[in-house]
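Subject: Structure for you to look at

Dear colleague,

I am handing over the structure below, together with an account of what was found in it. Please keep the sequence and the model open beside this message as you read.

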Amino acid sequence: MTDYFRTRSAKPFWRRCLAAVLDFATVFVIGGYAIFEWSAGLQRSGFQLNEAPVLLLIAFASIYFYLGWSHYDGTIWQRILKAR
């Protein structure tokens, strides 16, 4: 049991933190833009995602992170930065 912990090294904090920030930015930019286009979120007052589109964006982000952490070997940026 102790060999498992010795062979598995923790990744640097900066990699894990940067991967998390980039994942959130990617999900909210890409997901937000897609939902914005779908829901005609551009109003006279500017860019708006209210009510159902926001819930859809939160659901999209939740699914992205759930699938990345549980079914794949990390999220997109965790795999690129080798943070997991």
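From the N terminus on, the elements of the chain follow the order α-α-β-β-α-α, which amounts to four helices and two strands. Helices here are DSSP runs of H or I with at least four residues, strands are runs of E with at least two, and both are numbered from the N terminus. The model is a predicted one, in which local features need pLDDT of at least 70 and side-chain atom pairs count only at pLDDT 80 or more, while totals for chains, interfaces and linings use all residues. Residues are numbered from 1 along each chain as its sequence is written, and side-chain values use heavy atoms, with hydrogens and water left out.

The chain as a whole

Of the 84 residues of the chain, 23% count as buried, where buried means under 20% relative accessible area, exposed means over 50%, and partly exposed lies in between (1.4 Å probe, protein chains only). The chain exposes about 6,700 Å², and carbon and sulfur atoms supply 66% of that area, as computed by the Shrake-Rupley method with a 1.4 Å probe. Among contacts between residues at least 6 apart in sequence, 55% join residues at least 24 apart, a contact being heavy atoms within 4.5 Å.

Helices α2 and α3

How do the axes of α2 and α3 cross, and at roughly what angle? The axes of helix α2 (residues 13-39) and helix α3 (residues 52-70) come within 10 Å and cross at roughly 140 degrees, where the axes are lines fitted to C-alpha atoms over the stretch in contact and angles run from 0 to 180 degrees between N-to-C directions. The two helices are therefore oblique to each other, given that angles under 35 degrees count as roughly parallel, over 145 as roughly antiparallel, 65 to 115 as roughly perpendicular and the rest as oblique. The crossing of α2 and α3 is right-handed, a term used if the near helix is turned clockwise from the far one by less than a right angle.

On the α2 side, the residues that meet α3 are D23, F24, V27, F28, G31, G32, I35, W38 and S39, and their partners in α3 are P53, L56, L57, F60, A61, Y64 and F65. The residues of this contact divide into twelve nonpolar, three polar and one charged, where Ala, Val, Leu, Ile, Met, Phe, Trp, Tyr, Cys and Pro count as nonpolar, Asp, Glu, Lys and Arg as charged, and the others, Gly among them, as polar.

F60 has its place in helix α3 and counts as partly exposed at 38% relative accessibility. Not counting residues up to four places away in sequence, F60 touches V27 and G31, while the C-alpha atoms of F60 and F28, 32 residues apart along the chain, are separated by 9.0 Å.

Towards the end of the chain

Is Q78 buried or exposed? Q78, which is found in helix α4, is buried, with a relative accessible area of 16%. Leaving aside its neighbours within four places in sequence, Q78 is in contact with A19, D23, W69, A83 and R84.

L22 lies in helix α2 and is partly exposed, with a relative accessible area of 26%. With neighbours within four places in sequence again left aside, L22 is in contact with W77 and L81; L22 and W77 are 55 residues apart in sequence and 6.6 Å apart in space, C-alpha to C-alpha.

Finally, K82 lies in the segment after α4 (76-80) and counts as exposed at 57% relative accessibility. Phi of K82 is near 55 degrees, a positive value in a residue other than glycine.
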